[in-house]
Amino acid sequence: MTEHSNSDSKLDAQLHKEKMQKQKEKVDANIAAANIERGIALLLTGNGKGKTSSAFGMVFRALGYQQKVGIVQFIKGAQESGEVNFIREHCPQVFIHQMGTGFTWNTQDKVADIKASEATWEIAQSLLQDDSYDLVILDELTYMLGYKYLDRDTVINSIKARPYEQSVVVTGRGGGRELREVMDTVSDVKNIKHAYKAGVKARKGVDC
Ligand code: ATP
Ligand code: MG
């Protein structure tokens, strides 16, 4: 190595060190500033794939700390999913409820659909009032708001009034400005592309 390139690499190492020191100061300051300990309300929305699977990622995180988890799915419940199969088989400590039959996206019996979503909401609400739950997942709840099957203010007030230490995850496209405002963390999963559009069938372990 020439003398010149040797001093170049020394300078480079010094600059890198200074940059990293500054970055560390910033990171440390941000960590010190975030000192509130409480449950978090999280909304996973958007048209891209990854909302429900992310929510279940958090289920497994919480279980890793022996936390109590409750899951309510506002969907038909007819389509099988690997995450629900796994929880039913291996996680008896997890409360899980699906809206079940009586609901169709192509609404044919609106009265029955509203009844089913209200009954499911009752269960969701009981979890949001129970401080023994560390994490509550309300999967596809946004559609109940979009269809106006559930009262938006009732849902928002229950999320706001939940136990201080409880975290709640809501998934689904849309949801509206009022819901976004009440949530602490909002992620909008953007659709860049999806295999389905290229004709690839929903894949077990990936899509369901
Ligand atoms: P996942 O359950 O895989 O995390 P998601 O919750 O973000 O997906 P949903 O709208 O609930 O999305 O739809 C679930 C199913 O629809 C999955 O099989 C998923 O792969 C598929 N899907 C999600 N987004 C898209 C999309 N933009 N185009 C086509 N299919 C999609
Ligand atoms: Mg989903």
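Helix H4 passes helix H6 in a left-handed crossing (the near helix is turned anticlockwise from the far one by less than a right angle; helices are DSSP runs of H or I, at least four residues). This is a predicted model, in which local features need pLDDT of at least 70 and side-chain atom pairs pLDDT 80 or more, while totals for chains, interfaces and linings use all residues. Residues are numbered from 1 along each chain, chains are lettered from A and ligands numbered from 1 as written, and side-chain values use heavy atoms, without hydrogens or water.

**Exercise 1.** Work out how H4 and H6 are oriented, and which residues join them.

*Step 1.* Start with the axes, which are lines fitted to C-alpha atoms. For H4 (residues 110-128) and H6 (residues 152-160), they come within 9 Å and cross at roughly 20°. H4 is therefore roughly parallel to H6 (an angle under 35 degrees).

*Step 2.* Now find the contact (heavy atoms within 4.5 Å). H4 brings Trp-121, Gln-125 and Leu-128, and H6 brings Thr-154, Val-155, Ser-158 and Ile-159.

*Step 3.* Sort these residues: four are nonpolar, three polar and none charged.

**Exercise 2.** Do likewise for H2 and H3.

*Step 1.* H2 (residues 51-63) packs on H3 (residues 82-90) at about 25°, their axes 11 Å apart. So H2 is roughly parallel to H3, and their crossing is left-handed.

*Step 2.* Thr-52, Phe-56, Val-59 and Phe-60 of H2 meet Glu-83, Val-84, Phe-86 and Ile-87 of H3. Sorting gives six nonpolar residues, one polar and one charged.

**Exercise 3.** Find the surroundings of ligand 1.

*Step 1.* Ligand 1 is surrounded by 13 residues (a heavy atom within 4 Å), and the closest are Lys-49, Gly-50, Lys-51, Ser-53 and Asp-207.

*Step 2.* Check the backbone N or O atoms: one of Gly-50 lies 2.8 Å from a ligand 1 oxygen, and one of Thr-52 lies 2.9 Å from a ligand 1 oxygen.

*Step 3.* Finish with the side chain of Asp-207, where an N or O atom is 2.5 Å from an oxygen atom of ligand 1.

Methods: Axes are lines fitted to C-alpha atoms, for helices over the stretch in contact, and angles run from 0 to 180 degrees between N-to-C directions. Helices (H or I, at least four residues) and strands (E, at least two) are DSSP runs, numbered from the N terminus. Angles under 35 degrees count as roughly parallel, over 145 as roughly antiparallel, 65 to 115 as roughly perpendicular and the rest as oblique. Ala, Val, Leu, Ile, Met, Phe, Trp, Tyr, Cys and Pro count as nonpolar, Asp, Glu, Lys and Arg as charged, and the others, Gly among them, as polar. A polar contact is a pair of N or O atoms within 3.5 Å; within protein, one must be able to donate a hydrogen and the other to accept it, and residues adjacent in sequence count only if both atoms are side-chain atoms.
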